[in-house]
Amino acid sequence: LAQKYDPQKEAELRTWIESVTGKQIGPDFQKGLKDGVILCELMNKLQPNSVRKINRSAQNWHQLENLSNFIKAMASYGMNPVDLFEANDLFESGNLTQVQVSLLALAGMAKTKGLQSGVDIGVKYSEKQQRNFDEAKMKAGQCVIGLQMGTNKCASQSGMTAYGTRRHLYDPKNQILPPMDHSTISLQMGTNKCASQVGMTAPGTRRHIYDAKTGTEKCDNSSMSLQMGSNQGANQSGQVFGLGRQIYDPKYCPQGSQGEVANAAGDQSGDPPGYHYYREEEES
């Protein structure tokens, strides 16, 4: 906030306040306005009797009262609340930038209300221009589409094709001529002339890989090539379906040939021949 303080504006405010009040502020701008006496006299010049009592005592609470009365007088003069400052902003140098902004706004308000001074300072406020229309005029305006909404005057669909029709690319520089009619399909859209399905297999048919360089030969669709795998020379010899799997472990199987073990097992349990199993060791 301190960096936004403008010394040039301070000099202009000093000249304006001294010209209106006829009092000298002194070399220090903040100390000259700290007691609020000059500011209260300034408001009485702009709006007579806006500050009825001005304390000229050197006590702090008297000076703060003068500043508070000056701020209330600015509000009644028509100043916006956002343009006002607080008493401590000037008394304790808390925010001199806001004080400067408030005094500039006060000078602009005074210029708006017609105050003549030798210093051109402040920005003049714009005047409010209020218009009163009768009820019939207001209802008639509801049927009018303002230019802010856009306009369709002088607009047409001349030269536009029907909706969904393709767009033709026309470029005289590249010798692309405009289409004669909309039923002609130009080469820009592609063509199916001289196209056929010769050599194409039916959908779902496998694709045969043919490469003359690697010696891959052509084959017909009825033959199954080795690329698809082969079951030649395969049989189910030695496979048993639905029967149990025999677990053989010499540690738990009795000694002897496999035939003797099978016969002994068949005699004791009565199991069908060809079914082999193992028996546990003698129970303890």
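1. Read along the sequence, the protein chain follows the pattern α-α-α-α-α-α-α-α, with 8 helices and 0 strands. These elements are DSSP runs numbered from the N terminus, helices being H or I with at least four residues and strands E with at least two. The model is predicted, so local features need pLDDT of at least 70 and side-chain atom pairs count only at pLDDT 80 or more, while totals for chains, interfaces and linings use all residues. Residues are numbered from 1 along each chain as its sequence is written, and side-chain values use heavy atoms, with hydrogens and water left out.

2. The protein chain has 284 residues, of which 21% count as buried (under 20% relative accessible area; exposed is over 50% and partly exposed in between, with a 1.4 Å probe and protein chains only). Among contacts with a separation of 6 or more, 42% join residues 24 or more positions apart; a contact means heavy atoms within 4.5 Å.

3. Helix H1 spans residues 7-21 and reaches 21 Å from its first C-alpha to its last, close to the 21 Å expected at 1.5 Å a residue (1.5 Å times one less than the number of residues). At its start, a side-chain oxygen of Asp-6 comes to within 3.2 Å of the backbone nitrogen of Gln-8. Just after H1, Gly-22 adopts a positive phi of about 80°.

4. The buried residues of H1 are Glu-10, Leu-13, Arg-14, Trp-16, Ile-17, Glu-18, Val-20 and Thr-21. Their cover includes helix H2 (29-33), helix H3 (37-46) and helix H6 (96-112). An α-helix has 3.6 residues a turn, so residues three or four places apart point the same way.

5. The largest nonpolar core has 35 residues, and those with the most contacts inside it are Trp-16, Leu-33, Met-43, Phe-70, Met-74, Leu-103 and Leu-106. Such a core is a set of buried Ala, Val, Leu, Ile, Met, Phe, Trp, Tyr and Cys residues joined through side-chain atoms within 4.5 Å. Two or more residues each come from H1, H2, H3, helix H4 (60-77), helix H5 (87-91) and H6, with H6 giving the largest share, 7 residues. Leaving aside residues up to four places away in sequence, Trp-16 touches partners including Leu-42, Leu-46, Leu-103, Leu-106 and Ile-121.

6. Which elements do the buried residues of H3 pack against? They pack against H1, H2, H4, H5 and H6. Because 8 of the 10 residues of H3 are buried, this helix is largely enclosed by the rest of the structure. Among the buried residues of H3 are Cys-40, Glu-41 and Met-43.

7. There is 1 aromatic pair (ring centres of Phe, Tyr or the six-membered ring of Trp within 6.5 Å; planes under 30 degrees apart count as stacked, over 60 as edge-to-face and the rest as tilted). Phe-70 and Phe-85 form this tilted pair, at 6.3 Å centre to centre and 45° between the planes. Phe-70 lies in helix H4 and Phe-85 in the loop between H4 and H5, 15 residues apart. Both Phe-70 and Phe-85 are buried.

Conventions. A polar contact is a pair of N or O atoms within 3.5 Å; within protein, one must be able to donate a hydrogen and the other to accept it, and residues adjacent in sequence count only if both atoms are side-chain atoms.
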